[in-house]
Amino acid sequence: HTFTTTGTEKRFIVTITPRPPTHHREQLLTMASSKGLKKVLLMGKSGSGKTSMRSIIFANFLAKPTMRLGPTLHVDHDNVKFLGNLVLNLWDCGGQDAFMEAFFNSERSQTFSGVHVLIYVFDVDSHEHKKDMDQFVSCLQSINELSPEARVFCLIHKMDLIKNEDDRNKLLEERTEELAKIANPRKLTVFRTSIWDETLYKAWSEIVYQLVPNVSLLQEKLAKLCKLCGADEVVLFEKATFLVISHAITSEHQDQHRFEKISNIIKHYKLTCGKTQARFRSMEVKNSTFAALVDVFTSNTYIMVVMTNPRIQCAAVRQNVQFARSYFEQIIKSKRM
């Protein structure tokens, strides 16, 4: 069905296709290949928000319903197929003291061997700062010994509890400096996050971006497609999570968080479509200053094309996107990816 709303400045064209009458939740994906499997450890104290963020990103939860989720007991394992042969082997590790002690002792080798990415979550509302840091040190020591090539990311989570933006920035700066000293000489990346805004998508997009092999090739080809379409910007999103995979621009934009905001908005819209037994496929937005097209691209991705040149027609852009599909499908599914 196509729904059109016409206003003074904006025109929205949303195309959705019916979903089969019976919809079943996808079963846990099996490992595609040992080469494409990336082990991701998600760790932090109990109640820090690990399971909530995992449910929002990978299980299509909205923020509010995650408040009903119970604590993780021991480890929740999940294999998430991402792009082509890439499978994220996600370990959501329970943060209760008994489990953390087991991870650092009797289960140390099993837990910290073969890790590609460690994501450690810190709760800004925690009243046990020293204990949190001590557990992080133990985690780093295990990673350094058993998975020295692993990338390390720290999420300073629940930042929405700090109302003043200056205070948030100050805390992030302090924590980043403190964690860098603890981890030295290992490099790590620190993000501020909250399930209530786009910062969660920004952090996870950055993390996943570094897991996609040969992403520079995608970047190069997207830049060519962007130029061919006469577009200001082309963005590639992973289909299930709507995390940003790659993008190309021909003119700078002031809003540095626009990708994550779009991820958040469209993910919410997709969930709304699901409630009406429909599946989101494409969206076209136009006003007096720009036009944007969001459409299915490859079997694993969506594409967004943004144009400010009024002479460029969305129909022509759709045609270019259609012609490019099979080529990008081959790039994503190639062994180099």
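Predicted model: local features only at pLDDT ≥ 70, side-chain atom pairs only at ≥ 80, totals over all residues.
Local features need pLDDT of at least 70 and side-chain atom pairs count only at pLDDT 80 or more, while totals for chains, interfaces and linings use all residues. Residues are numbered from 1 along each chain as its sequence is written, and side-chain values use heavy atoms, with hydrogens and water left out.

Visitor: How many salt bridges does the structure hold?
Guide: A salt bridge here is a side-chain nitrogen of Lys or Arg within 4 Å of a carboxyl oxygen of Asp or Glu. By that criterion, the number of salt bridges in the structure is 17.

Visitor: Is Arg-54, which forms a salt bridge with Asp-76, buried or exposed?
Guide: The closest N and O atoms of Arg-54 and Asp-76 are 3.2 Å apart. The pair links helix H1 (residues 50-58) to strand E4 (residues 75-81), helices (H or I, at least four residues) and strands (E, at least two) being DSSP runs numbered from the N terminus. Buried means under 20% relative accessible area, exposed over 50% and partly exposed in between, with a 1.4 Å probe and protein chains only. Asp-76, at 32%, is partly exposed, whereas Arg-54, at 12%, counts as buried.

Visitor: Which residue meets Asp-97 in a salt bridge?
Guide: Asp-97 is partly exposed, with a relative accessible area of 44%. Its partner, with an N to O distance of 2.8 Å, is Lys-131.

Visitor: What is the relative accessible area of Asp-295?
Guide: Asp-295 meets Arg-325 in a salt bridge at 3.3 Å, N to O. Asp-295 lies in strand E12 (residues 291-296) and Arg-325 in helix H9 (residues 314-333), so the pair ties together parts 30 residues apart in sequence. Asp-295 is buried, and its relative accessible area is 6%.
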